[in-house]
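Subject: Structure handover

Hello,

Here is the structure for you to take over. My notes on what I found follow below it.

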Amino acid sequence: MDSLKQQHTFALVSGDEAVAMAAIDCGVTLGTGYPGTPSTEILESFAALGGRAQWAPNEKVALEVAIGVAFAGARALVTMKHVGLNVAADALFTVAYTRLDGALVVVSADDPGMASSQNEQDNRRYALAAGVPMLEPADSQEAYDFTLRAIEISERWQLPVLLRMTTRVCHSKTIMRRGTVKIAAPHTPHFEHDFASRVMIPAYAKPAHLRLRKRLAEIAAWNDEAGPNQLIQGSSSLGIITSGVAFQYVREAAPEVSVLKLGLTYPLPVERMREFAASVDLCAVIEEGDPYLVEAARTAGILVEGKPESFRFGELNTARVRRILDGDETPEPKPAPGKPPALCPGCPHRSVYQALKKLDCIVPGDIGCYSLGVLPPFEMMDSLVCMGAAIGVGLGLRHSLPAAEAKRVVSVLGDSTFVHSGITGLVEMVYNPPETGHVVLILDNGTTAMTGMQEHPGTGRTLDHAKTGKVSFEELARALGIRNVFVIDPVKEAAEFENLIQSCLQKPELSVVIARRDCLLATRAIREYERCNEQAD
Amino acid sequence: MSKPTNVVIAGLGGQGVLKASDILAEVAFSAGLDVKKSELHGMSQRGGSVSSDVRFGERVFSPMAPQGEADYLVVLSADQIPVNLAALGAGGVLIEPSQIDEAKLSNKKSVNVALLGVLSRHLPFSVEAWSAALKRNLPENLHEANLESFSIGREQ
């Protein structure tokens, strides 16, 4: 490739950046989501490129906002990590029944191997379960192309479309160019009543479900004919059906074999798969995560080989694909253990955990930097399940443990996590208080630290750090009727903090303690944002 | 088709592993090669082990270098050498902090760039291409110190 031409036409970008570029190029009206590795950079890049991007309190709200955008006839992009789709699933399953006027693309960034997640769920299952078409890009060019295709499919069949990415697609940089897919200009936003298509009461939802299945059958037929799938003709002795980044490993591990690479993986191009399998002596499915493609192929009566169960765990890579193809069942080499991450020296969470350890607390915890409190030297987190679970789990422990132990339970969660899913937990605490009372400790470090310092409704600044409405945790807690609400700096007032937690634990009452001190890594940036916003006032 | 060149850059969070791999990937890209770069985010600011793979050549498929096939392993922190050594292929080259005189670096945080200087002697890219990529990836106030660190590594 000519280097000068390459630099002008092509760019070396991550899959996340490529999605943002596509969103800009097709006139997405609004991008919304909740930060989560590996999806976070999509909206940040979209904003940097001039798009309107917003952080929502959580993924469900983000998807609901995006549904409104698509009902108005405009184009919406919603981004989240895989577990975020669990939160948004309620909206997803029913919006699939409705008729969109615009486009709705939901990005699910899965994390096989759990580089930075609490589970490795395979969200291809959501496409199948909700009846939502799904595209799976394999590199940045496809992340760009498939985002545009997703918009097109969404508008053509008036359905939401899932763009299922994985860590290695989101965060790898590969070469791409823009302008490869031309799609129609967006509609002009406009509202028309259409009760039967958008109000999912049973009388309207029953025909809507039939309509959804009919549309999916049409998309399946189109996918067989003209879907974004790719056939690489190689040797006829072995054919491999694959999708997503696994395609890259297959091409590297076995450049000589025939490959059917699937781009639209729900609804599947079953006839193309059947034809392909029949064209080779042996057909194997190589896929990362769950046996999704292999089960679908077998259900359709297509004879395929799958991977051994041990390859369901963790990411695939070239070496693992070679093993699968060679039938090599010898134990895989274990990677040398690296240095685990730790709370930064001087991190305000450190003094919190010191106090909790001294008080011998039982700590149902949550998701954020402070999850690192489970590791030495603190070993002070007793559970981590999902966003916001600290409060509910803490209440359950309080309800069932003997009083002496119940009185040691403190629910610990971060500021962004509290906004995401902790507020309803507080409501539950007020409504069903344990006999021993309870203590909720919000670690407010003024940012969504773990995902890379994103704003949230508690910071009072938007995604691009401009001033906006600010949710006050203390006022919110008081408004719910919680009388013991305290705000304290856990570093500057370390001794007072410990005393405060101790006195709250001794009372059979409900307490909310907000340990407020900015994240060390964010302090300087926060000061700068505040300074800019004051000047703007 | 010739095999791609595999470079693995490793170190600890905050040392500039990802910055170094960005610069290298961009140099290879500007030379008209196919390039893929892989990295993991999320935990990297918390001081844990970080590594990033850069692969370039006529055509690259996987964004990650297969284990044991790295042509060059650049390690920014000596204690991370044992953790990453398995990445290096037979005949591969290890580039480590002891190869540069850190006392000579005016900016102590530019070990990453100094080691890119050492790496650059093994790769067919011009000094101009390296300088341009360095400048594009770093804020202006750091240009001078980093160009100097790069030269120190390259001339070591």
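Which residue of β4(A) is the bridge partner of Thr32(A)? Val78(A) is.

Some ground rules before the rest. This is a predicted model: local features need pLDDT of at least 70, side-chain atom pairs count only at pLDDT 80 or more, and totals for chains, interfaces and linings use all residues. Residues are numbered from 1 along each chain as its sequence is written, while chains are lettered from A and ligands numbered from 1 in the order in which they are written.

Helices (H or I, at least four residues) and strands (E, at least two) are DSSP runs, numbered from the N terminus. Two strands pair if DSSP finds at least two bridges between them.

Strand β2 (residues 30-33) of chain A pairs with β4(A) in the parallel sense, over 4 bridges. β4(A) also pairs with strand β5 (residues 103-110) of chain A, again in the parallel sense, over 7 bridges. There, Arg75(A) stands opposite Ala103(A).

β4(A), helix α5 (residues 82-95) of chain A and β5(A) form a right-handed β-α-β unit. Right-handed means that, with the strands pointing away from the viewer, the path from the first strand over the helix to the second runs clockwise.

The open sheet has 7 strands with mixed pairing, in the order β3-β2-β4-β5-β7-β6-β12 (chain A). Its edge strands are β3 (53-55) and β12 (264-266) of chain A, each pairing on one side only.

**Domains of chain A**

An automatic or database assignment gives the bounds: domain 1 (3-226), domain 2 (230-326) and domain 3 (348-536). The centres of domains 1 and 3 of chain A, taken over C-alpha atoms, are separated by 33 Å. 14 residues of domain 1 are in contact with 16 residues of domain 3 in chain A. Contact means C-beta atoms, placed from the backbone, within 7 Å. On the domain 1 side, β3(A) gives the most, with 3 residues. That side has 8 nonpolar, 6 polar and no charged residues. Nonpolar is Ala, Val, Leu, Ile, Met, Phe, Trp, Tyr, Cys and Pro; charged is Asp, Glu, Lys and Arg; the others, Gly among them, are polar.

**Chain A against chain B**

34 residues of chain A are in contact with 32 residues of chain B. α11(A) supplies the largest share of the chain A side, 4 residues. By class, the chain A side has 15 nonpolar, 13 polar and 6 charged residues. β8(A) and strand β2 (residues 34-39) of chain B run antiparallel, joined by 2 bridges. Lys173(A) stands opposite Lys37(B) there.

**Chain B**

Chain B has 5 helices and 5 strands. Buried residues make up 53% of its 156 residues. Its C-alpha trace spans about 40 × 30 × 30 Å along the principal axes.

Best wishes

Terms used: Two residues are in contact if their C-beta atoms, placed from the backbone, lie within 7 Å. A residue is buried if 20 or more other C-beta atoms lie within 10 Å of its own, exposed if 12 or fewer, and partly exposed in between; C-beta atoms are placed from the backbone.
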